[in-house]
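Subject: Structure handover

Hello,

The structure we spoke about is below, with the sequence. My notes on what was found follow it.

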Amino acid sequence: SGAVELLRQVRSAPDRVAVGIGYRDSQLPHGIPNIASVVLGRLPDDSAAELFQTTAGKMFEESELTPLLRELDGVPLAIVLLASLAGSEDNLGTLRKAWQAKRTDLLQHGTDRVSSLPVSLELSWDALSTDAQATLSLAAELPDGWPAGDSGAYLPDELTSGVPELS
């Protein structure tokens with residue numbers, strides 16, 4: 001309720017103010033009328049490269065950076081955490097090999113959701129219903145993810161309720 005009241009005050013300010021709210025689960029905070037919801041997905045390649053190089057504090061050759069970023073699949077937290085390791089690297093070859101060997105274990109810099117990808121994923125997992133967890137587990141087995149436009153094609157009827165929650 002304190003956050004809702006703060007947002008009401010900010011929205012009533014005479015100047016235009018933009019406020020971003022990060023939240024986990026599929027629900028916006030309740031009690032805030034007419035709030036626009038923007039769902040952030042995978043970062044486009046150019047934005048991912050910019051985020052990586054800004055976070056690393058140095059520029060890398062596109063021929064090194066592009067293959068590494070493709071493996072991170074545009075996930076902003078993964079990009080930031082891996083880029084924070086890249087600041088001390090002269091090239092990305094070693095870092096890419098480490099990523100391929102350790103994957104998300106390499107992205108655990110702390111024990112909270114903004115410094116550890118495994119912690120963030122676990123918090124998201126715990127927020128899902130049993131059907132959504134089963135649906136996501138099944139989706140993880142598909143080599144190319146869900147088929148476009150037919151996300152329920154591989155699901156038994158009882159698990160289709162997990163699809164909207166994951167969306």
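Beyond its neighbours within four places in sequence, A132 is in contact with G162, E165 and L166. This is a predicted model, and the contacts should be read as belonging to that prediction. A132 lies in helix 7, which covers residues 130-140. Its relative accessibility is 0%, and because buried means under 20%, A132 counts as buried. L159 is 27 residues away from A132 in sequence, yet the two C-alpha atoms are 7.4 Å apart in space.

Next, the nonpolar core. The largest one has 17 residues, and within it F52, L69 and L92 touch the most other members. At least two residues of this core come from each of helix 2 (45-56), helix 3 (62-72), helix 4 (76-86) and helix 5 (93-102). Helix 4 gives the largest share, 5 residues. As for L69, leaving aside its neighbours within four places in sequence, this residue is in contact with A48, A49, F52, G74 and I79.

Then the packing of two helices. In general, a packed pair is described by the angle between the axes and the distance between them. For helix 2 and helix 4 the angle is about 40° and the axes are 8 Å apart. Their crossing is right-handed. On the helix 2 side, the residues that meet helix 4 are A48, L51, F52, T55 and A56. On the helix 4 side they are P76, I79, V80, L82, A83, S84 and A86. Sorted by class, the contact has 10 nonpolar residues, 2 polar ones and no charged ones.

Last, the charged pairs. Side chains of opposite charge can pair when their charged atoms come close. The count here is 3 salt bridges. How are R42, D45 and D73 linked? They are joined in a network of salt bridges.

- R42 and D45: the closest N and O atoms of this salt bridge are 3.3 Å apart. D45 has a relative accessibility of 48% and therefore counts as partly exposed. R42, at 46%, is also classed as partly exposed.
- R42 and D73: their side chains form a salt bridge at 3.3 Å, N to O. This pair links distant parts of the chain, with R42 in the loop between helix 1 (2-11) and helix 2, and D73 in the loop between helix 3 and helix 4, 31 residues apart. D73 has a relative accessible area of 46%, so this residue is partly exposed.
- R96 and E71: the side chains meet in a salt bridge at 2.7 Å, N to O. This pair too links distant parts of the chain, R96 being in helix 5 and E71 in helix 3, 25 residues apart. R96 is partly exposed, since its relative accessible area is 29%.

If you open the model, two places to start are the contact of helix 2 with helix 4 and the salt-bridge network of R42, D45 and D73.

Regards

Terms used:
Residues are numbered from 1 along each chain as its sequence is written. This is a predicted model: local features need pLDDT of at least 70, side-chain atom pairs count only at pLDDT 80 or more; totals for chains, interfaces and linings use all residues. Side-chain values use heavy atoms; hydrogens and water are left out. Helices (H or I, at least four residues) and strands (E, at least two) are DSSP runs, numbered from the N terminus. Buried means under 20% relative accessible area, exposed over 50%, partly exposed in between (1.4 Å probe, protein chains only). Contact means heavy atoms within 4.5 Å. A nonpolar core is a set of buried Ala, Val, Leu, Ile, Met, Phe, Trp, Tyr and Cys residues joined through side-chain atoms within 4.5 Å. Axes are lines fitted to C-alpha atoms, for helices over the stretch in contact, and angles run from 0 to 180 degrees between N-to-C directions. A crossing is left-handed if the near helix is turned anticlockwise from the far one by less than a right angle, and right-handed if clockwise. Ala, Val, Leu, Ile, Met, Phe, Trp, Tyr, Cys and Pro count as nonpolar, Asp, Glu, Lys and Arg as charged, and the others, Gly among them, as polar. A salt bridge is a side-chain nitrogen of Lys or Arg within 4 Å of a carboxyl oxygen of Asp or Glu.
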